[in-house]
Amino acid sequence: MKLARIRLSNGDTTVAIVDAGSVTPLDLSGGPSSLFEILESEDVDALVASLPQKTTVLISEVDLLPPVDQQEIWAAGVTYRRSRAARMEESEAAASCYDRVYESPRPELFLKATPHRVAGNGQPLRIRADATWNVPEPELTLVMNSNLQLVGYTIGNDMSSRDIEGDNPLYLPQAKVYDQCAGVGPWITLASAMPPREKIGIGLTIRRAGKPVFEGQTGVDQMARGFEDLIGWLGRDNSFPTGAMLMTGTGVVPDNDFTLQAGDVVDIRIDGIGTLSNPIVQAGSSPAG
Ligand code: DO4
Ligand code: MG
């Protein structure tokens, strides 16, 4: 089952079951009032099946909102060989840090975004005005409830300014965290409906003026760390009363001569979930088409 946060044509927001090209809004007037509360259930599939439903409509008739309520969005780094190689190339000074963290039991984890910095499907993501080398990072994203139980999966785009993080690893938060820095969506696929880990492919397409300027893919089987291992590290002396999401790192990095431009469109496809599509903007430039 896939669950989305949607805005209906009358302006109401609710949670909906997604099925191919249609959505079935749930009537939340008598039970859980948010997606987060639904994900707190011991049996999310059974809870959703028990909720009253409204009329099914075409997905094109509603706005898809980011599937985020109050959760913090965290991210893991250097979990794929490709990411380790790219970081070592971009930062001579910090190359050994990236090499060591790839091999170490303790992963790199960082706070990527709070909800107001998140863009959902179709909403713009930003490249920093003070950065010259910017890339999207397509990442399978784990969805956890307040007990850090893995209840679902979504697609994440960990937008990154490579010149800033490459200049000095202490600048990592600035390279990663700013307004419109995180794409999340288009919905959550419940854990019970995901393909096995070794069958989850990830694809990235960047289009400029409608034509692909970068395409790449990887598979979650290339990831060096396990989901439960990452969640275990995240939860050490760390509580998440409103749940959490964890981007699991990128295995696709464009060549070093590539940088995003305002007007590009970034599509990330992940098996079992769908496609997250975001136009790219930059402060001072006109919005992407
Ligand atoms: O250490 C820098 C960030 C790594 C990252 O975001 C990734 O590997 O996805
Ligand atoms: Mg990343």
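Between which strands does the loop that holds L148 lie? L148 is in the loop between strand 11 (138–144) and strand 12 (150–158). The views below come from a predicted model, in which local features need pLDDT of at least 70, side-chain atom pairs count only at pLDDT 80 or more, and totals for chains, interfaces and linings use all residues. Residues are numbered from 1 along each chain as its sequence is written, chains are lettered from A and ligands numbered from 1 in the order in which they are written, and side-chain values use heavy atoms, with hydrogens and water left out.

**View 1. L148 has a positive phi and is not a glycine.** The phi of L148 is about 60 degrees. L148 counts as buried because its relative accessibility is 14% (buried means under 20% relative accessible area, exposed over 50%, partly exposed in between, with a 1.4 Å probe and protein chains only). Strands, as named here, are DSSP runs of E with at least two residues, and helices are runs of H or I with at least four, both numbered from the N terminus.

**View 2. A209 also is not a glycine and has a positive phi.** Its value is about 50 degrees. A209 is in the loop between strand 15 (201–208) and strand 16 (211–219). With a relative accessible area of 77%, A209 is exposed.

**View 3. A cis peptide bond joins G185 to P186.** The omega of this bond is near 0 degrees. P186 belongs to strand 14 (residues 182–190).

**View 4. Polar contacts are made to oxygen atoms of ligand 1.** Such a contact is a pair of N or O atoms within 3.5 Å; within protein, one must be able to donate a hydrogen and the other to accept it, and residues adjacent in sequence count only if both atoms are side-chain atoms. A polar side-chain atom of S83 is 2.6 Å from a ligand oxygen, and a polar backbone atom of V78 is 2.8 Å from one. For R87, an N or O atom of the side chain lies 3.4 Å from an oxygen atom of ligand 1.

**View 5. The shell around ligand 1 has 16 residues.** A residue is near the ligand if one of its heavy atoms lies within 4 Å. V78, S83, E108, E139 and K176 come nearest. The elements giving two or more residues to this shell are strand 6 (72–77), helix 3 (81–90), strand 7 (108–113) and helix 6 (172–176).
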